[in-house]
Amino acid sequence: MVNQNEVGVQFRQGKIYNVVGPGVYSDMGLFVDLKHVSSQAVPFSVEDPEIITSDKQRIGLVVSGDIFRPNLAQKDLLLLNWSKYSNIYLDNNILVNRVEALARQAMKVCVGSRKFDDSIIGTARDALRACIDDELSLLANNYGIEIQNVTVPMWSYHLKYKRL
């Protein structure tokens with residue numbers, strides 16, 4: 001049985017046979033299996049207290065959002081990436097850990113290319129959030145996952161680095 005919030009990946013003799021939506025399925029055989037891939041949003045939140053801007057200021061960021069695995073409409077993507085990323089598709093902890101690492105990378109890329117004022121003041125915050133969203137989505141696409149609802153409820157502090 002595949003529940004309403006899942007996609008089923010059917011296997012015969014260790015190979016993917018089909019990707020199916022919600023419903024009841026039966027298949028007779030010795031080497032038959034059905035793996036369940038959740039299509040529900042998986043929330044994530046990651047913080048980095050010390051990201052350095054291009055003008056050597058420190059800011060702290062929190063990035064959160066929702067992760068979505070491939071669904072029935074993206075069946076080809078699921079089939080293409082299954083051998084490489086099945087553990088990400090099946091285990092929420094592995095999925096969240098991977099996206100948190102990608103989010104940290106996106107945060108460093110976006111903040112590191114901006115000056116302090118261009119990272120936190122006024123509309124610059126919106127531009128920073130959009131940059132992190134775009135960068136994170138680009139990185140996540142390599143895994144066949146989608147990131148949505150990215151927020152950057154920023155907390156920040158800054159200390160000028162002093163050269164010794």
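# Briefing: strands, rings and turns in a predicted model

Nine bridges join E4 to E5, and these two strands run antiparallel. The structure is a predicted model, and the protein chain has an average pLDDT of 86, with 91% of the residues scoring at least 70. Residues 156-164 have a pLDDT below 50, although this stretch has 22 contacts in the model beyond near neighbours in sequence. Where pLDDT is low, the predicted coordinates should not be read in detail.

**The sheet E4-E5-E6**

- Three strands form an open sheet in the order E4-E5-E6, and their pairing is antiparallel.
- Strand E4 (42-52) and strand E6 (146-151) are the edge strands, each pairing on one side only.
- From one strand to the next, the twist averages 30°.
- Helix H2 (residues 92-112) packs on this sheet and touches E4, E5 and E6. The direction of helix H2 makes about 35° with that of E4.
- Strand E5 (residues 58-68) is joined to E6 by four bridges, and the two run antiparallel.
- Ile 67 has Ile 147 in E6 as its bridge partner.
- For Pro 43, the bridge partner is Asp 66 in E5.
- E4 and E5 form a hairpin with five residues between them.

**Ser 45 in strand E4**

- Ser 45 is placed in strand E4.
- Ser 45 counts as partly exposed because its relative accessibility is 45%, a value that falls between the limits of 20% for buried and 50% for exposed.
- Leaving aside residues up to four places away in sequence, Ser 45 touches Val 62, Val 63, Ser 64 and Glu 100.
- Ser 45 and Met 28 are 17 residues apart along the chain, and their C-alpha atoms are separated by 43 Å.

**The sheet E2-E1-E3**

- An open sheet of three strands has the order E2-E1-E3, and the pairing is antiparallel.
- E2 and strand E3 (32-38) are the edge strands of this sheet, and each pairs on one side only.
- On average, neighbouring strands of this sheet are turned by 25° against each other, direction ignored.
- Strand E1 (residues 6-12) and strand E2 (residues 15-20) run antiparallel and are joined by five bridges.
- Val 9 stands opposite Val 19 in E2.
- E1 and E2 form a hairpin with two residues between them.

- Gln 13 is found in the loop between E1 and E2. The phi of Gln 13 is near 55°, a positive value in a residue other than glycine.
- With a relative accessibility of 67%, Gln 13 counts as exposed, since the limit for exposed is over 50%.
- Lys 56 is found in the loop between E4 and E5. The phi of Lys 56 is near 65°, again a positive value in a residue other than glycine.
- Lys 56 is partly exposed, with a relative accessible area of 41%.

**Aromatic rings**

- The count of aromatic pairs comes to three.
- Trp 82 and Tyr 89 form a tilted aromatic pair, with 6.2 Å from centre to centre and 35° between the planes.
- Trp 82 counts as buried because its relative accessibility is 9%, and the limit for buried is under 20%.
- Tyr 89 also counts as buried, at 0% relative accessibility.
- Ring pairs link Phe 11, Trp 82 and Tyr 89 into a cluster.

**A charge over a ring**

- Arg 12 lies over the face of Tyr 17, at 3.6 Å from the ring centre.
- The distance of 3.6 Å between Arg 12 and the ring centre of Tyr 17 is within the 6 Å limit for a charge over a ring.

Conventions: Residues are numbered from 1 along each chain as its sequence is written. This is a predicted model: local features need pLDDT of at least 70, side-chain atom pairs count only at pLDDT 80 or more; totals for chains, interfaces and linings use all residues. Side-chain values use heavy atoms; hydrogens and water are left out. Rings of Phe, Tyr and Trp (its six-membered ring) pair if their centres lie within 6.5 Å; planes under 30 degrees apart count as stacked, over 60 as edge-to-face and the rest as tilted. Buried means under 20% relative accessible area, exposed over 50%, partly exposed in between (1.4 Å probe, protein chains only). A charge sits over a ring if NZ of Lys or CZ of Arg is within 6 Å of the ring centre and within 35 degrees of the ring normal. pLDDT is the predictor's confidence in each residue, from 0 to 100. Contact means heavy atoms within 4.5 Å. Two strands pair if DSSP finds at least two bridges between them. Axes are lines fitted to C-alpha atoms, for helices over the stretch in contact, and angles run from 0 to 180 degrees between N-to-C directions.
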